[in-house]
Amino acid sequence: MRPRDLSDHVEYRAGRGIEEVARELGRDPEEFVKLASNENMFGPSPAAVETIEASASEVHHYPTADQQDLTAALAEAWDVASEQVWLANGGDGALDYLSRAALEPGDAVLVPDPGFAYYGMSARFHHGEVREYDVSPGDDGGFALTAERVLDAYDGERIVYLTSPHNPSGGRFTLDAIEAIADGTREETLVVVDEAYGEFTEAPSALELLRDRADVDGSHPAASHAPRDDVAVLRTFSKAYGLAGLRLGYALVPEAWGDAYARVNTPFATSFIACRAGLAALDDVAHVEQTVETARWSREYMAEHLNAPTYESHANFLLVEVGDASAVAEAMQERGVIVRDCSSFGLPGCVRITCGTEAETERAVRELNEVLAE
Ligand SMILES: *Cc1c(COP(=O)(O)O)cnc(C)c1O
């Protein structure tokens, strides 16, 4: 016997690692810097590292209490009920839980193009169909993360995915646009707002839409909104918290969805060590702040000093127009700087560069400018 028909399924293509590249080129890994996967330039929070080391001797226990502790801490941080926090094995795991909870076989989902590959993958795993909305640059030159683009393409899909800040462009949806999309789609459509890079923007989280809002920003004193039951927010510890290797993420779901989690989650969705480290990382505010500040500096520095057009970014990376992305990414790799060729996103003219430390950022700019001048 064989697996079911997987011909519609696609492989996830991750950014390449230093070890992998160094081995292939027969060079010392020390010569390379990886700015291809939007990882944290400072590594994990030192407090998380300490906790991980201290937790090693306890891994024979199932992570029951620890999962509760982390859920409670996140619920408090976001001011929601514990049932609204769906812990998962990375943000990707949380996407799977939302698919499991929402999709019937044959349901369709609507995903951004270009966009994050896992939305479609997850939907297909759950016997869903995938349709796309186009966010490629409009007349103003920026990626079109607008309610219009989404609603023009919308045709009753069960889940609509919005990435804000968006990967790979770095652009974002306004909260008003997200609300307009939730309003413009039918009652049975879930709008998933992927805020994997949420820490790097000053814009408010779409979680606001799940609250009772008398008046969020003071601009509509007369307006009052009930909490929505058709928006979910995705967050992760992989980016700003520097725990990508641990696999820890979560969804924040409407109150009415609370009891679905127990029916869809894989028992012990997150590891004992991940839960402990997540708690420590949450408390290490200084680490996140330094990360966010450095990313802001880095993306501005790159935008200013690169001799190539770039797109405004609200995340920890910058999308750069380089002409032939695969040739440029390869030349950069030869020079020891691994960047992301965006051909697999359908952007063969662009590379995406993760915000590094000051030294890494300056090196990336210097090398890319030289490659472009050749
Ligand atoms: C990184 C990323 C995620 C989540 O990654 P995990 O490591 O699984 O938490 C989700 N969405 C986007 C757009 C991302 O770039």
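**Ligand site and backbone geometry**

A backbone N or O atom of Asp-92 lies 3.0 Å from an oxygen atom of the ligand, a polar contact being a pair of N or O atoms within 3.5 Å (within protein, one must be able to donate a hydrogen and the other to accept it, and residues adjacent in sequence count only if both atoms are side-chain atoms). The model is predicted: local features need pLDDT of at least 70 and side-chain atom pairs count only at pLDDT 80 or more, whereas totals for chains, interfaces and linings use all residues. Residues are numbered from 1 along each chain as its sequence is written, and side-chain values use heavy atoms, with hydrogens and water left out.

- The ligand is surrounded by 13 residues, the closest being Gly-91, Asp-194, Tyr-197, Thr-236 and Lys-239 (a residue is near if one of its heavy atoms lies within 4 Å).

**Largest pocket**

- The volume of the largest pocket is about 950 Å³; a pocket is an open set of points on a 1 Å grid over the protein atoms alone, where a 1.4 Å probe fits, with protein on both sides within 12 Å along at least five of seven lines.
- Its lining (residues with an atom within 4 Å of a point) comprises 41 residues, of which Tyr-12, Arg-13, Phe-116, Ala-117 and Phe-345 lie nearest the centre.
- Two or more lining residues come from each of helix H4 (90-102), strand E3 (108-113), helix H5 (118-125), strand E4 (129-134) and strand E7 (231-236); helices (at least four residues) and strands (at least two) are DSSP runs.
- H5 gives the most to this lining, with four residues.
- By class, the lining holds 16 nonpolar, 12 polar and 13 charged residues.
- Domain 1 (18-44 + 286-373) and domain 2 (46-284) each supply at least three lining residues.

**Backbone**

- Most residues other than glycine have a negative phi, and most peptide bonds are trans.
- The Asp-113 to Pro-114 peptide bond is cis, with omega near 0°, and Pro-114 is in the loop between E3 and H5.
- The Ser-164 to Pro-165 bond is cis as well, with omega near -5°; Pro-165 lies between strand E5 (159-163) and helix H7 (175-184).

Note on methods
Points joined across faces, edges and corners; volume = space filled by probe spheres on them. Nonpolar A, V, L, I, M, F, W, Y, C, P; charged D, E, K, R; others polar. Domains from an automatic or database assignment.
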